[in-house]
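Please work through each task before reading on.

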Amino acid sequence: MKPKVILTHPMPEEWIAPLQREVDLIVGPAGVAGVDESLKPHFPEVEGLFTWLTDRVDEDLLSQMPRLKVVSNLAVGVDNIDLEACTRHGVAVGHTPGVLTEAVADLTFALLLAVARGIFSAAEDARSGRWGLWEAARWLGYELNGSTLGIFGMGKIGQAVARRGKAFGMHIIYTSRSPKPQAEAELGARRVPWETLLEESDFLSLHTPITPETRGIVDAAALKRMKPTAILINMARGAVVQTNALVEALQKGWIAGAGLDVTDPEPLPPDHPLYKLPNCLITPHIGSATHTTRRRMTELAIANLLAGLRGEPLPHCANPEVYTRQ
Ligand code: DGY
């Protein structure tokens with residue numbers, strides 16, 4: 001008998017065909033966040049769970065799935081999953097690092113350039129007939145060449161962003177748990193304390209995982225420390241930034257602009273003040289959303305899932321301590 005696996009939401013048939021051949025796949029509904037109640041009758045038999053980053057996996061869910069061996073998350077971030085609870089239950093958690101690095105770094109720069117040059121509001125002016133004449137001092141933006149790019153979280157994605165920054169003639173500074181000698185040697189990147197990062201960055205790009213230390217770290221005090229000409233880019237998780245403080249910072253000119261691929265909450269309500277600010281550009285968590293990358297993430301997630309079902313170590317495991325627990 002094939003092992004029973006829940007895929008929490010539908011995905012393109014051709015992407016999941018390799019999984020369908022190996023398992024008895026139950027697919028949850030589209031358009032809901034979380035593991036839907038309608039899947040509950042399958043919980044007692046399910047051995048594998050294929051989740052999206054909008055699905056919460058916690059003690060309550062795990063205790064209803066006594067045969068579960070593996071959770072495979074279609075994301076590099078695993079903040080939607082209680083890793084400790086999974087380890088306690090002997091459940092390995094898979095994620096998808098590496099394959100999305102370049103796509104996320106590309107979108108970081110798309111946002112950075114779009115906000116720096118006011119592309120969206122200028123294009124909107126052109127489209128809606130507000131482009132009367134060429135004007136010397138209108139639609140002015142900020143230049144990347146010679147500016148300082150500050151990176152918070154210098155993992156794979158942070159370093160890919162730094163490489164792009166270097167190509168644009170930017171000086172790279174970073175704050176990270178550990179030094180990155182290669183980035184320092186190759187890109188001239190300089191590791192600085194968090195306060196210096198805030199004070200010196202013309203562009204501050206967030207790429208840190210969300211942890212108790214980073215949750216809400218970009219608060220009113222942090223934003224006030226930044227340059228009034230600085231632009232904040234958040235590609236990490238929405239809750240790294242305190243949303244109300246950001247609204248105030250943008251309204252009062254503590255900083256010049258923001259580009260957000262992630263928000264807190266996510267999504268923001270459509271009438272949220274951030275959507276009304278011309279100096280704030282928001283995309284709907286699409287950092288990894290390219291044809292190539294989402295396909296590769298799916299392949300990796302399936303490889304993690306199948307390894308977990310076979311009782312083998314996952315190619316990319318977010319809780320490796322599950323293998324050494326007593
Ligand atoms: C991730 O993988 O964690 C990104 O946020 C979405 O691709």
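**Exercise 1.** In this predicted model, determine how far a backbone N or O atom of Val76 lies from an oxygen atom of the ligand, and then identify which residues surround the ligand.

*Solution.* Start with the backbone: an N or O atom of Val76 is placed 2.7 Å from a ligand oxygen atom. Finally, complete the surroundings: Leu53, Ala75, Val76, Gly77, Leu100, Arg237, His285, Ser288 and Met297 surround the ligand.

**Exercise 2.** Describe how helix H1 (residues 13–22) is placed against helix H12 (residues 291–309).

*Solution.* First take the geometry: the axes of H1 and H12 come within 9 Å and cross at roughly 10°. Angles under 35 degrees count as roughly parallel, and H1 and H12 are therefore roughly parallel to each other. Then list the contact, in which Glu14, Trp15, Ile16, Leu19 and Glu22 of H1 meet Arg294, Arg295, Thr298, Ile302, Leu305 and Leu306 of H12. Sorted by class, the residues of this contact between H1 and H12 comprise six nonpolar, one polar and four charged.

**Exercise 3.** Characterise the packing of helix H4 (residues 101–116) with helix H6 (residues 156–167).

*Solution.* The two axes are 9 Å apart, and the helices H4 and H6 pack at an angle of about 50°, which makes H4 oblique to H6. As for handedness, the crossing of H4 past H6 is right-handed.

Methods: Residues are numbered from 1 along each chain as its sequence is written. This is a predicted model: local features need pLDDT of at least 70, side-chain atom pairs count only at pLDDT 80 or more; totals for chains, interfaces and linings use all residues. Side-chain values use heavy atoms; hydrogens and water are left out. Axes are lines fitted to C-alpha atoms, for helices over the stretch in contact, and angles run from 0 to 180 degrees between N-to-C directions. Helices (H or I, at least four residues) and strands (E, at least two) are DSSP runs, numbered from the N terminus. Angles under 35 degrees count as roughly parallel, over 145 as roughly antiparallel, 65 to 115 as roughly perpendicular and the rest as oblique. Contact means heavy atoms within 4.5 Å. Ala, Val, Leu, Ile, Met, Phe, Trp, Tyr, Cys and Pro count as nonpolar, Asp, Glu, Lys and Arg as charged, and the others, Gly among them, as polar. A crossing is left-handed if the near helix is turned anticlockwise from the far one by less than a right angle, and right-handed if clockwise. A residue is near a molecule or strand if one of its heavy atoms lies within 4 Å of it. A polar contact is a pair of N or O atoms within 3.5 Å; within protein, one must be able to donate a hydrogen and the other to accept it, and residues adjacent in sequence count only if both atoms are side-chain atoms.
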